[in-house]
Amino acid sequence: MKELESRQRFDMRMLFFYAAAPILLGLLAMHVLQLQWLEHEKLALQADHNRLNIVPVLPVRGEIVDRQGKGLAVNRIAYQVQLIPERVKDLDATLTMLSGMLHWNPAKLAYIDKRIKHSRPDRPVLLDDKLQWLQVSPIAARLHHMPGVDVEAGSYRQYPYAGLTSHLVGYLSLARKTDTDDGYLANEFIGRTGVERSYESLLHGSLGYQQEEVDAHGRRISVSKRTPPAMGQQLRLALDVEVQQAASDALGNRTGSVVVLDVHSGEVITLLSKPGYDTNRFITGLESEQWQEWLNNIEKPLLNRATQAAYPPASTFKVVTGLAGLKVGSHLANGHTTCPGYLELADRNLRCWKRTGHGQVSLEYAVIQSCDVYFYKLADQIGMAAISDAALEWGLGEKTGIDLPPEARGTIPTQRPYMMAAMKNNSSKRDKWFRGETMITAIGQGTLTATPLQMARLAASVANGGRVLKPLLLAGDEPVLMHQAEVDPKHLKMIQAAMRGVVEKPYGTAHRALADAAWTVAGKTGTAQVIKMSQDDEKAGYTADDISRRHKDHAWFIGYAPYENPQVAIAVFVEHGGHGGSDAAPVAAAVIKVLAAQQDRQQESSQ
Amino acid sequence: MIRVLRGMDWILLLAIISLAALGLVMLYAAVHQGDTGLWQKQFTFWGIGFAAFLVLCFVQLRLLGLISWPFYALALLLLILVPLVGDVQMGARRWLNLGIVNLQPSELMKWALMLILASWFATREARSMQDIGVALLLAVVPAALIVNQPDLGTTLVLLFAATSLLIAAGLPWRWFGLAVIAAIGSLPVLWHFMHDYQKQRVLTLLDPQSDPLGAGYHVIQSTIAIGSGGLMGKGFLQGTQGRLHFLPEQHTDFIFAVLAEEGGFIAVVILLLLYTVLITRMLVISNRAHSRFGSLLCIGVASIFMLYITVNIGMVSGIFPVVGLPLPFISYGGSAMVTMLAALGLVMRVSIESRDRIPWQRPGSSLA
């Protein structure tokens, strides 16, 4: 009986087991049903998210070429070598193999090793960048021996004329926080200076997008939908690298600026500022030591001297004073005066550069010989207001409007600020505008300043009949007339003739440098006195050599050519360069030589 | 020979073969983009396992009862050797390198324990303190060794198999109730002794989103795979979760997600129905068994299968913590495949020996 009891108990327990299996499996089925039916939509969406990544595709940046089509900012194909640590079977062997092919030195190898150890094992680590195909092709061929290693193609910006065109073309750098706030991606490059900055919106192009199917490692399996990026526009500049190079060669290692404009269109054929700097260094990520060096260099290589720095224009400004005298109908402008070599004022004597004096001088002679005393007297007659009005009328004291911000305005002294200052602090010394100040201004000294670009435009306006144009960076843009100087053609003709005399007459200040130039040139030289070294300079610790150099005068030349049928206007500025006639004018000769040669070539080929 | 063939339970055999076929198909889906060599290996494992199954169909149960004690002793010895000379794989010391094969003694112990408990209770019921005490000792010693390896999954299997056999052997319900209360009471103690990764798994289960790219990743991804499959599935080889490697371990423990994603709820129901047939059939054989030893053996095997299935699907669908238990016949893995088929060989042998005989202790039965 006991035995039957145990069988009965077993049968009872059997029922428990019979029931347990379907109940447990049924519960599981219900749970799975909940996932697959009730939560299906939500989870299917998540699966899609998992699978499809919307990835932006960077556009190729538009290239910048000069007017002859030479590349100034170009895109080069480069390759990167990356490695995903977790997929590498034998890290040491892989690195040894790569090191052999890419010629890494031990320091680089150690650095890479350290970076890999500090990186997430599932993300690519950049090992080497900016490689050429010949360098990476052996790696590409052996990729299957090196799991986890990948070679990626991309492009980087290169500036073939980096030092020559650094200020004009500018440079790029990676997006910063403020840029990403504006909608840029973190791995995009953005124009920071020059044309790269001003025409950023044209050059950049627009982002494309593609839907990528990726796996859990983020590896791309395939690309589904694709909106291709729109490539940035190619920009053809008015700039002529050949001319710019000639100007640069003529300046040599001197500091300064050369601007060449098309007198009719305002196109910028040359816009040189020396010294330049290597803009290619920015692309790889500039080392801060290099940046600091450029910032602190007394030569100020980062400064665009053509547009961002204003200097006293010196005697080149006499063109404006002369035009002002003619316009107000000063009888001196149409007559003569005597230059004894100085002008006596109440409290001091103002000297002419020629101590012995010029004798009897007319306006034409005064321009040709750059007689200071004549212009002192003319200024005294016509007054400061007439001079500053003329300066404004001919485009000084205002931004030229060139697409290269920031631009210096330059200063034109008027009596107003001095009177204001006088009312404020009641200073007896500065409570009135001295006659002498008007005279100093008339010869382009004192507080009057202008940029080389403004002076080039002045020369262009004299050549084209008083049209003050916006300097154009892009070739073929419609000329933009800023304003028209109101000038009697007869008066303008007189000034033009005087400027021609500067070159043509044996006693002209630019005769020696330009009389034999390829084209007939009209122009004006200038030699700006440099203000005494300030105490700031001493504190800055400049050496004796620097000081003696910094005492030297600035040399100027402005002009246009050919005289009979003007095409280009030129401004040459040589910082602490010496004399306008001997130091600045030869640079203009070198530029004109190249321009004339180019024209000859064109005529030959068109025949 | 003829007796063996006539005594075969054809429904059970059909269920086994269907599951094996389904398993091979799903494995192909899981590995077809990667190492397809795994598929061929699994096919080989299947062949070896089926051979073991057939061999065991010819081994008399009486003989099994005799070797159950030495077999248990051997398994225990190997288990003790593991911490001393075992290999460390994936952070746990579970394997013994025997030259040709890597043996996992804990895998052997599951079946050794099942055999010895069935043998122990073949002649007695689990009604006295003494009889139950011996059974508990037989289960707890290897369980303590295995939990130390650490291998939570196998420990769970040992305790679950022992409990099932104790219930089948007539363990009084109130004792069972007390044991459950004691087990719940000991959870904090167990928690204290758990390894960090095990604690993490439990925590992750409670809130998988807390660590979506770390420990919760597996569960989130497999849940997405299952749910996105919907009722009809995405189609064979069309699953994106598995194909794009979002699913971890997709050919081993997480293969259920591939099946649910590509086959949808339909495939899940088919799979669960096949399992239901498999287990119910084992229970039928148990009920019909000629000997009490045979009955208990079948219940032991059936409960281990049940545990595997429940824990694996529960884990992949996010209701149990991640413990490494395979899905019988579907997951990739040689040891599991061979031992499970061997275990079914035992069940089949019970069926063969019971043919045309009266079950134990039924009126007219010759056996006690």
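Two strands count as paired if DSSP finds at least two bridges between them, and helices (H or I, at least four residues) and strands (E, at least two) are DSSP runs numbered from the N terminus. This is a predicted model: local features need pLDDT of at least 70, side-chain atom pairs count only at pLDDT 80 or more, and totals for chains, interfaces and linings use all residues. Residues are numbered from 1 along each chain as its sequence is written, chains are lettered from A and ligands numbered from 1 in the order in which they are written, and side-chain values use heavy atoms, with hydrogens and water left out.

**View 1. An open sheet in chain A.** Five strands of chain A line up here in the order β12-β11-β21-β20-β19, with antiparallel pairing. At the edges sit β12 (268-274) and β19 (522-528) of chain A, each pairing on one side only. From one strand to the next, the twist averages 5 degrees, with axes taken as lines fitted to C-alpha atoms (for helices over the stretch in contact) and angles running from 0 to 180 degrees between N-to-C directions. Zoom in on β11 (residues 256-262) of chain A and you'll find six bridges joining it to β12(A), the two running antiparallel. One spot to look for is A:Ser257, whose bridge partner in β12(A) is A:Ser273. In general, strands of a sheet pair through backbone hydrogen bonds, either parallel or antiparallel.

**View 2. Two cis prolines in chain A.** A:Lys274 and A:Pro275 are joined by a cis peptide bond, with omega at about 0 degrees. A:Pro275 lies in the loop between β12 and α11 (280-283) of chain A. A cis peptide bond also joins A:Ala561 and A:Pro562, and there omega is about -15 degrees. Look for A:Pro562 in the loop between β20 (554-561) and β21 (568-574) of chain A.

**View 3. Where chain A meets chain B.** The contact (heavy atoms within 4.5 Å) takes 36 residues from chain A and 56 residues from chain B. About 4,200 Å² is buried between chain A and chain B, with carbon and sulfur atoms giving 68% of that; buried area is the accessible area (1.4 Å probe) that two parts lose on being put together, summed over both. A:Arg7, A:Arg13 and A:Gln36 supply 18% of the area that chain A buries against chain B, more than any other three residues.

**View 4. A salt bridge across the interface.** The rule (a side-chain nitrogen of Lys or Arg within 4 Å of a carboxyl oxygen of Asp or Glu) finds one salt bridge across the interface of chain A and chain B. A:Arg9 makes a salt bridge with B:Glu125, and their closest N and O atoms are 2.7 Å apart. Over all chains, the count comes to 23 salt bridges. A:Arg9 lies in helix α1 of chain A and B:Glu125 in the loop between α5 (105-122) and α6 (129-147) of chain B, so the pair joins two chains.

**View 5. A positive phi in chain B.** B:Phe329 has a phi near 75 degrees, a positive value in a residue other than glycine. You'll find B:Phe329 in the loop between α14 (292-316) and α15 (334-354) of chain B.
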